[in-house]
Amino acid sequence: MGRYSIEDFIQSTEEKDLNQGIFELERERLLEVNLEGIVWTKRGSMVAYTGDIVFTREGVFEHGISTFVKKALTGEGASLTKAEGKGKLYLADEGKKVSVLKLDNDSLFVNGNDLLAFETSLNWNIKMMKSVSGMMAGGLFNIKLEGTGMVAITTHQDPLTLRVSPGHPVFTDPNATVAWSGNLEPEIKTDISLKTLVGRSSGESFQMAFKGEGFVVVQPYEEVYFQMQT
């Protein structure tokens with residue numbers, strides 16, 4: 001067949017089995033889940049599947065009463081769907097780049113909007129950053145994943161990981177912050193003055209400060225979730 005034929009297109013774009021385990025990067029913006037059991041996925045992220053898979057919307061008390069109350073109070077955006085069965089499941093989120101991480105008795109914080117999928121072997125909970133009550137409108141809460149298992153996160157364009165070490169803190173724009181190691185507890189740093197009153201919801205006036213030992217993942221894009229209250 002000649003170049004640009006339908007057969008040529010199919011061969012160059014068809015699914016390829018890479019035998020990488022339950023989570024496999026089919027494309028840099030498309031996650032393949034080799035499902036044999038259950039995984040949690042971001043609601044609305046399914047683009048295709050093969051096999052026998054059933055999708056169930058997250059139950060009101062699926063993860064306990066405390067999580068339900070936190071979500072009700074905060075409006076946290078991590079709405080989940082349970083995918084159960086056997087087959088190949090393909091997930092994507094608005095063309096964002098997908099990164100797969102394997103937690104080995106580790107913990108990780110992820111912005112709820114940037115969490116694409118995770119294994120049921122991981123425990124999760126909604127956490128609020130300390131000392132920020134009354135300072136912000138929205139964006140107070142993130143998801144903490146703990147245990148052993150695979151998790152897929154998304155970023156606009158390529159992620160950048162910054163290491164945090166004693167004496168070398170890292171400061172980030174909350175709207176560009178995607179994830180950080182579970183042992184870190186970010187604080188809020190504000191720089192509100194007459195010169196910065198205009199656009200005071202920006203990262204330049206309002207930052208997350210990471211101190212200790214760990215890492216922070218940011219993206220070259222600002223998703224407006226954190227805003228100073230007026």
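1. Which residues does Phe-118 touch, not counting residues up to four places away in sequence? In this predicted model, Phe-118 touches Phe-23, Val-39, Trp-40, Leu-80, Trp-124, Leu-145, Met-150 and Val-151.

2. Phe-118 also belongs to the largest nonpolar core, which has 17 residues, and it is listed with Val-110, Leu-115, Trp-124, Leu-145 and Val-151 as touching the most other members. Two or more residues of this core come from each of strand 5 (97-110), strand 6 (115-119), strand 7 (123-128), strand 8 (141-155) and strand 11 (177-181), and strand 8 gives the largest share, 4 residues. A second, separate core holds 14 residues, including Phe-23, Leu-31, Val-33 and Leu-116.

3. Turning to charged side chains, the structure holds 11 salt bridges. One of them pairs Glu-26 with Arg-27, with the closest N and O atoms 3.1 Å apart; Glu-26 is buried at 9% relative accessible area, whereas Arg-27 is partly exposed at 32%.

4. Lys-97 and Glu-28 form a salt bridge at 3.8 Å, N to O, and this pair links distant parts of the chain, since Lys-97 lies in strand 5 and Glu-28 in the loop between strand 1 (23-27) and strand 2 (30-42), 69 residues apart. Lys-97 counts as buried at 18% relative accessibility, while Glu-28 is partly exposed at 43%.

5. Lys-88 and Glu-32 form a salt bridge whose closest N and O atoms are 3.1 Å apart. Because Lys-88 lies in strand 4 (residues 80-91) and Glu-32 in strand 2, the pair ties together parts that are 56 residues apart in sequence. Glu-32 is buried, with a relative accessible area of 0%.

Conventions: Residues are numbered from 1 along each chain as its sequence is written. This is a predicted model: local features need pLDDT of at least 70, side-chain atom pairs count only at pLDDT 80 or more; totals for chains, interfaces and linings use all residues. Side-chain values use heavy atoms; hydrogens and water are left out. A nonpolar core is a set of buried Ala, Val, Leu, Ile, Met, Phe, Trp, Tyr and Cys residues joined through side-chain atoms within 4.5 Å. Buried means under 20% relative accessible area, exposed over 50%, partly exposed in between (1.4 Å probe, protein chains only). Contact means heavy atoms within 4.5 Å. A salt bridge is a side-chain nitrogen of Lys or Arg within 4 Å of a carboxyl oxygen of Asp or Glu.
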